[in-house]
Every structure is written in structure tokens, then in C-alpha cells.
Amino acid sequence: MSELDQLVEGAIALDKWPLARLVRLFEDTRPGAVAEKAAAIAALEAHGAAPRAMVAGFTGTPGSGKSTLVGQLAARLAAREAAAAVAVLAIDPSSHRSGGSILGDRTRVHFPVGERRLFFRSQPSDRELGGMGRATYPVVRLLERLFDYVFVETVGIGQSEVEIERLADRVYLVLQPLGGDQVQFMKAGIMEVPHAFILNKCDVGAAARRSYHALRASIDFARPGEAAPPPIFRTSAISGEGLDDVLDDLAAHRSVRDAAGRQAR
Amino acid sequence: MTSPTDPGQAPPQRLPHRLYDADGNPTTDRPWIFRTYAGHSSAAASNALYRKNLAAGQTGLSVAFDLPTQTGYSSDHPLALPEVGKVGVPINTIDDMHQLFEGIPLAEMNTSMTINATAMWLLALYIGVARERGEDVRKLQGTTQNDIIKEYLARGTYIFPPEASLRLIAEMYEYCLDNLPKWNASNICSYHLQEAGATPAQELAFALANAIGVLDTIRERGAVPPERFPDVVGRISFFVNSGIRFIEEMCKMRAFVELWDEITRDRYGVQDPKQRLFRYGVQVNSLGLTEQQPENNAWRILIEALGVTLSRKARCRALQLPAWNEALSLPRPWDQQWSLRLQQILAYETDLLEYPDIFDGSVVIESKTEELKRQAREEIARIEAMGGIRAAVESGYLKSQLVRSMSERVSKINSGELVIVGVNRWTEGLPSPLLTGEDGGIFKVDEAETRRTLEALAAVKANRDPARVQAALAALEEAARTGKNMMEPSIECALARVTTGEWADTLRRVFGEYRPPTGVEGQRLYVDSDRVAEVRRRAEEFVRRTGHRPRIVVGKPGLDGHSNGAEVIAVAARHCGFDVVYSGIRLTPEEIVQSAIEEAADVIGLSILSGSHLDLTRQVIEGLRAAGAGDAIPVIVGGIIPKDDHEALRALGARQIFTPADFDLADVMSRIMDVVEAQAGAGAR
Ligand code: B12
Ligand SMILES: Nc1nc2c(ncn2[C@@H]2O[C@H](COP(=O)(O)OP(=O)(O)OP(=O)(O)O)[C@@H](O)[C@H]2O)c(=O)[nH]1
Ligand SMILES: [Mg+2]
């Protein structure tokens, strides 16, 4: 068996080391790697590993709790759906000076050691503008053949919303409660993309309630006359409050999507 | 001749350079308490050490606990096993505590315990021993360190989330107020902050904001009647650092004294000046003590001791000194004796204790002190605006400030701007005769003692009354859940012979566990030398050659909380063009292996300063092998790694070893790049 075949078989079995190495192949954005990636896709096809995952994008303000939340959601999902495998791909910013990065999202996520159905991978943004790296797209294309759900955490907020929309079946914008005198949530551009909003850290009390209403108003203002206004989920990644609602939302849209047949994205 | 009592006479003239007692008679000060931070191997071995130290003239005890005891694991827990007795004494049950203090009357001793997350438990054990011996519990005198904020920021032996941790502290104050009136329930520490890089202004601000946080918590809980609140304020004591810039440090102490007086008066309305006193103990700086030319450390320690003794107004209450071989290993008894002698010479041979404050009226000292006070006030205001100390911990603000200061410090050492004699200047020297003895100047823990500890634990478990144990734990859990004070239930646990692990696990179940922010994100070095550029160039070349950027997992396995080295390496690696995964301290070897595997790391860099490097490195390398990545991901190790162990570590498979002597970060990074390049050359992708 060729080395590539071995990697592919291991990855399909969700064996972490071959899987991690296969991801590395898909991170390789050099022109020379194209053929090898194509061979890997062909091998995956041959093993019946077709794209199947529901891809969810999580974007939002820095520090709003995206990583903590995504980690909790993934673990909870794996517990809820006994057969579901979930991959998390988390993008961290690279230094423009050195090209290096601190892949800090991982710090927030603690999957049980040895659990194959949960896989976490960090990725540097690689001096790209926006919230994703050059390798994000290819890696997601790989992971969606191996997992039932792929969660992508982007870097902060900015142009990433538009990019993530191309990549994900459903995009969540994660926000945290605002301090007292901040009224306006944010500029219209960003508010237009997400399918749903998550107001995280709702364990902090009064500020969370105020913020919910402010957010509702901001969305109505940014997206006037929408038939079904986007939902706002109130969560706490610490207490677990509201997480099941987000997962229900994900599941509901997964069935809709599956019923409609997968669209080419 | 006139005497002070002669009526009708003018009062006798007081000389400004003399000290007078309440009756106007000339007097001299009594010395501060001499302490030596000590404990290792087992309760029995540590007891022998304490008795020897007391006989040698030490006047108080300062107990060092091992890491399992500090983080709430019994010695027989898998996480504990590599660490039992390594850096302090293991205490599993009240019987260990009996053994530790055998032959030492508790009511006459002043005992300081460096214990934090499990402070309530250790105090319960101490009280339990006194009760079982029939000693008067009200006479117990001493301190439990019990400062959780600085654990999150610098020291690393936290267990529970901030809210629960602050509750434990508050309950100890509430309990001690009536039951142990001479006990300092906690000790606000700035010592560890300086060891983690804090500047004098940061030390002042973070520690004072911390004290405010504790007092506000106690006040808001309302369990202490308002009229007794000043008594609580009066019991707050501090544990401060004294660095090599000894004049600035002395001014820092004066600033502490003045700011605390101000805060206790204005914020808490304390009328009695005695209750507004800034009472503090000191350990002098160890971060600046070097592996190179270690004999120089003796001078550093002396100078640092001056910083906290020269100014009478800001003189410490208790002092403990590290030893000349601080960067090599735990001190041997002789090393501790040498440091104790320094204190005795300072207090008894010199004239230090004969004068009033010798800096009063100095324009220079006053101005410097005022500047520090101003900087500290600004920073305290910033922390308050963020919602206070707890919010500033949780948001990661304080930790990232410390990592930044540490990054600046190591950058200055690298560039030569900060001179460290023997390290970056005057590095050529004659070999030190201190290192040529049979033991190489190094202390080795007797591993056989671990067996004794485990046997003692097993014996207690076999002989105790299981029903009483269960009842005691149930009562503890019930108090934890309902908000009742947990002190009495903890004492009952102690008497029932509950173990350290059982006590902590019960509270873990109720409160959960916490991991604070690492503070490394967004940090950089302040070095842009040609050599840094060269490592970056090699990183780019690596990207071209392999299609990915070199990726390092910096791992802190085990219970070791020394994060400085790992943080500095993480920051330096990013600065030199690596992608870096660093998930903070206290991970299991399995967790580190899983990170490296999932991230397809090019190298794992372990940082271990707890003395357990052989066990932990072996576990990581075995884990990699089990996952099929044994030959693919090289492992390097840094920290306090005695020369004697280098060979064994290499035999286990460590590709490179780094010690404090490797302060030149461009060089360290270049050596890591060597390993990564060699590996990429050896294997495929
Ligand atoms: C600072 C310090 C602390 C601080 C730590 C602050 C922090 N957040 O890191 C504080 C005050 C909290 C502390 C506490 C304790 N400490 Co301490 N501490 C030190 C001290 C003075 C300096 C260590 C340091 O930070 N140096 C600066 C950093 C930048 O250097 P470094 O870690 O050595 O890292 C460099 C190299 O070693 C190397 N390196 C290190 N790791 C790695 C990893 C990789 C991948 C690479 C490439 C390189 C590398 O590169 C780095 C850059 O140059 C040392 C003694 C000394 N002078 O070395 C004792 C020392 C390490 N501590 C010691 C002890 C015993 C303790 C305690 C356990 C005491 C106790 N019983 O409670 C506690 C508990 C801590 C815990 N939770 O584990 C002992 C350890 C004894 C042993 N191993 O046998 C020492 C040696 C002191 C002594 N002689 O007794 N400590
Ligand atoms: N109180 C509270 N804190 C939370 C919650 N979720 C996350 N946090 C805290 O918020 C901080 C930031 O969390 P992260 O998960 O790193 O946030 P992030 O959005 O991924 O951050 P970046 O990737 O750096 O932009 C951490 O201190 C978390 O512990 C929550 O629901 N409630
Ligand atoms: Mg994140």
C-alpha cells in the first residue's frame, strides 16, 4: 500500500496521527502539492469518503468566547449524537513581522484524550487579510469527507464574514454583552452575513439582558424587512446554558440541507 | 544629673539618631523573624530538618509543601507520583501533619505555610493536630499564604475558579477572626509577581488591588459585623519581593506602607493606625540568581536583604533568603545555613537596629517613592475600572501585562542593556570551587522516602473509620453547596483522617476546576538582531521546502507551575517565525502528546523545573510511540536539568537540553531550528 493510501485509510478511521498528516498535505498551498492532493481526494473517493459534513462557521468579536463555545458545542454534540464525529478548525492570527503565530484557540478546548470523534486543529491566518488562511478552504474540503460536522472558528471580525459564507453551510456571529453605555452593536456590513447570532457570556447578568435588546434592534436596523429575522441565541460556554439551542438550530438546518440535496458551494 | 522623671526639669533632649522606648529610654529594635523556606522528601525528613534549623537559631518555620499537596492530590494519584516529596513535604493526612511537627510545640511556634488552593485544608490539619495534642488552638500563630490571585498570575497551584477560591479565603478570615485571633488567614503576595517579571509599580498595584479584592469580598459577604471589619483589615499581611535594584526596592516598600495606610483609611475607614500598618514578610529575589558563576549569588542575596532592612519604616517582619545555588537545585542544609548566617550577621553584628529611619528627610527617596505611588495608583484605577482584580484576572489583562514585562526583561538581557554579571558580562571566570564537592553543590531528594510516604498513606486508609470519613466528606460537600462556612467541616475531615485528595476532590465536584489565560498571545520580544533575522530566514526556507511553517508545541507536563521559561520560549518562537501551540501549565503527558499529534507538530519542547524531568519526558516519548509518532516528532527539554541527568535524558530520546544558562534566545531558537530541519530532512512530510 502506498504511503498516501495508508494515510487515507488511517484518516477515515479517524486515527489522529495519519489524519493530522493528511491535513498537513492539504495545508500545503504550493503548486507542486496540487497533484498529491488530487490523488488523496481520489483515494478518499475510492474509499467512499464523499463530502458529508455540515460546516458551521463561527466568527465574531475578539474574546467573545468563540473557542470556548466551539469546544463546548463540539463535545456536547458528540455526546448527544452517539455516532457523530466533529472536527474543529480554528484560525489564529499570524504576526506580520515574523510570520509566526501563537495558536491560542487550542488553549480553550479540552477534548478527552484519545476520543477519535473529536478532532481539533489550529491554523495560522498566514498573513492573509480577513479571518481565514489560504489553507482553510482546502482543509475544510478534506475534513468534510471525514467528519459529520466541521466547525470553523475565524480570526476576530472583519472581511472573514464574507469568506466564511462561501465555505460554511451556516454562519454564526458570536458577540459578548456590552458595557453600559455602548448602544450601537456594530456596523451594518458585518450584521448582514450571519445566519444566526450568538450572544455568549450570558452568565454575566444584567448587561447580557440589555445587550440582547440592543442587538435585536441593531439587526432590525441592518436588515430591514427580512421575512424571517435571524435568531439570536443566548449562551454561556461556562454554564452550558443555551448550547443545546444552538445545536438544535444546527441539526434543523442540517436536515433541511440534506433533504434539499447538497448544493455545490 | 537629670532623669526623665524629674519634675520641673525640661524634658531630656532626644537625639535624632537614637531610638527611644515608650518611657523615653534609649533602646534598640528587635530583629525581624529569621525564616528558611524548607521541606522535602517526607514528613519525617522535614521534621528532622526543622528541628535542626530551630536549634541553629532560626526563629520561625516556613513550610514548603510538595506540588501534589499544593494542588490537592494524594501521593498515590498518578499525577502526583512523579512529584511526591520533590520540592516540598508531602502531607496526605493528619498523621503526616503530626509527624511534621513532632517535638515542636505549636502554641509557641510561628508557622508560615506556603499553601494556597488547599490552604483551608492544611489549616484544618494544623488545628486538628493542636486539638488532638490538647494544645490551646487560640494560641496558634502563623500564616497560611492562601493568595489565589497570584496563583493564577504567577505561581500556578490553583484548583478552583476565582469565585469559589475567593470564598474559601473569605471563610478562613471569618473563621480565624474569633477562633485563631493570631493567625494570618492569608498573605497577599507580590513576591511571586516579581518572580514572574513584574516591575515595582506592577508589584505595588497588583498586590494592593488584590488586597482590595479580598477585603471587598469579605465586606460584601456580610458575615463579619461592620464593627469588627477593621479587625479583619488589621489581619491582612503581605509577602513581598526584594530585587537587586535595592534602592528602588526600598522605596517600593515605603510606597507600600504609605499606600496601604491610605487605602485602609479612605476605603475601609479604619481609625486605628495599628490596623493600618503594612505588615510584611520578604523572600528576596531569586529570578536574578544565576546558574553561571553561582557564587556571585551570595552577593546578590546580601544586597537584596539590605533593601528590606535598611529603612526602619519599611523594614520587613520576617525574612527568608534563597541560597547561592538557587538556579541549580533545592538548597542543601549547608546552603541554608550560609544564608541564615547572613541574616544573623546583619542583625547582630552590624548597628542596623540602633537607628530610627535613616532615610527620613531624604528628598531623593521621597521623590522616588512618590513616583512609584503615582504609577501604582494609576494602575489600581485601571484595574478598578475593569471591574476589579477578579475581572482583570479572568480577562487575561494582568497575566498579559506580566508576560509583557518578562519579555521585556529577557529581551534586555539578550541585548545586553540589562547587565547580569557572569551571564552577559564578565562571563569568563575561574571554575567555582563550590561546585567541585562530591555532590557537585547540588541537593538530591532521596527517592526511597516516597515509599515511606505511600506506606504511611496506605496505613492510615486501612485503619480509619470509613463511616466517619464518609460522614465528614458529606458534611463538607453539603457546606460547599449551601454556602455554609467550610472550616469546621474541614477540621472534622482532618480528625476523621480524610486524605488531601479526598478533601480536594469533594470540592472539585462542587466548584469545578479552572485554567487561567496564558498571557502569551500577541506578545513579542524586543530583540531584532541579525541572528533573529537569520532564524526567521531559516523558517521561511523551511516553509518553501516543506509547504508548512515550523510548528512547535511548548508543553508543561505534570504539576510544575513555573511558566516563565515556557512563556518566554513560546513568545521567542513566534518572534522567530514558528507557529506555536502553548496551552499553559499543568497538562498531562497524554494531553501534550495529543496536541502535538493533532497539530502535526515538528517538535515538542517540554519545560520542566520541578525536578521530575526524567519521569515526565519518558511518559511523553512513550506516548508518542504509542500513537505511532515516536520517530516523527522530536522532543527537546528545558528547565532545571542537573548536568548529571543530561545523559539519562538523551538516552530516553531527548534531542536537545536547555538550562537557565541558555538565556540567549536567538541561539536557543537556532538550535531548535537545527532539530526541526534535521527531522524534516530525515522524514517525508
Ligand atoms: C521564578 C521562579 C519561581 C516563580 C515562578 C514564576 C513563573 N510563573 O514562572 C515562583 C516564585 C512562582 C516559583 C515558585 C516555586 N518554585 Co521556583 N524558581 C524560580 C526561579 C528563581 C527562576 C525560574 C525562572 O523563571 N527563570 C527565568 C526563565 C526565563 O528561565 P528558565 O525557566 O530557566 O528557562 C530558560 C531555560 O531553562 C530554557 N528553557 C526552559 N524551558 C524550556 C523549554 C524549551 C522548549 C526550551 C527550548 C528551553 C527551555 O530556556 C529558558 C530561557 O532562557 C528558579 C531558580 C532559578 N534561578 O532558576 C526557582 C526554582 C525553579 N523553583 C523551585 C521551587 C522548588 C519552587 C516551588 C515548587 C517551591 C514550593 N515548594 O512551593 C514553587 C512552586 C511553583 C510551582 N507551582 O510549581 C526550585 C526547583 C527545584 C528543583 N527542580 O529541584 C528552583 C530551582 C529554586 C530552588 N533552587 O529551590 N518559582
Ligand atoms: N463568563 C463567561 N466567560 C466566557 C464565556 N465564554 C468564554 N469566556 C471567557 O472569555 C475569554 C475569551 O474566551 P475565548 O474562547 O478565548 O474567546 P475567543 O472569542 O475565541 O477569543 P479570540 O479567539 O482570542 O478572539 C476567556 O477568558 C473565557 O474563559 C462565557 O460564556 N461566560
Ligand atoms: Mg479563539
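Predicted model: local features only at pLDDT ≥ 70, side-chain atom pairs only at ≥ 80, totals over all residues.
User: Which protein residue is the donor to the cobalt atom of ligand 1?
Analyst: His562(B), through NE2, at 2.1 Å, as the single protein donor. Donors here are N, O and S atoms within 2.8 Å of the metal (3.2 Å for Na, K and Ca), and with water not among the atoms, sites may look incomplete.

User: Where does His562(B) lie?
Analyst: In the chain B loop between β13 (551-555) and α21 (564-575). Helices (H or I, at least four residues) and strands (E, at least two) are DSSP runs, numbered from the N terminus.

User: Which residues come nearest to ligand 1?
Analyst: Tyr37(B), Ala154(B), Glu326(B), Ser329(B) and His562(B), out of 43 around it. A residue counts if one of its heavy atoms lies within 4 Å.

User: What does Tyr37(B) do there?
Analyst: A side-chain N or O atom of Tyr37(B) sits 2.7 Å from an oxygen atom of ligand 1. Ala154(B) uses a backbone N or O atom, 2.6 Å from a ligand nitrogen.

User: Switching topic. How many salt bridges over all chains?
Analyst: The count is 77. The rule is a side-chain nitrogen of Lys or Arg within 4 Å of a carboxyl oxygen of Asp or Glu.

User: Which residue pairs with Arg538(B)?
Analyst: Asp674(B), at 2.6 Å, N to O. The pair links distant parts of the chain, helix α20 (residues 530-546) and helix α25 of chain B, 136 residues apart.

User: Is Arg538(B) buried or exposed?
Analyst: Buried, at 12% relative accessibility. Asp674(B) is partly exposed at 36%. Buried means under 20% relative accessible area, exposed over 50%, partly exposed in between (1.4 Å probe, protein chains only).

User: And what about Glu370(B) and Lys373(B), where do they lie?
Analyst: Both are in helix α13 (residues 363-385) of chain B, three residues apart, about one turn. Lys373(B) is buried at 6%.

How values were computed
Residues numbered from 1 in each chain as written. Chains lettered and ligands numbered in written order. Heavy atoms only, no water. Polar contact = N/O pair within 3.5 Å; in protein donor to acceptor, adjacent residues only side chain to side chain.
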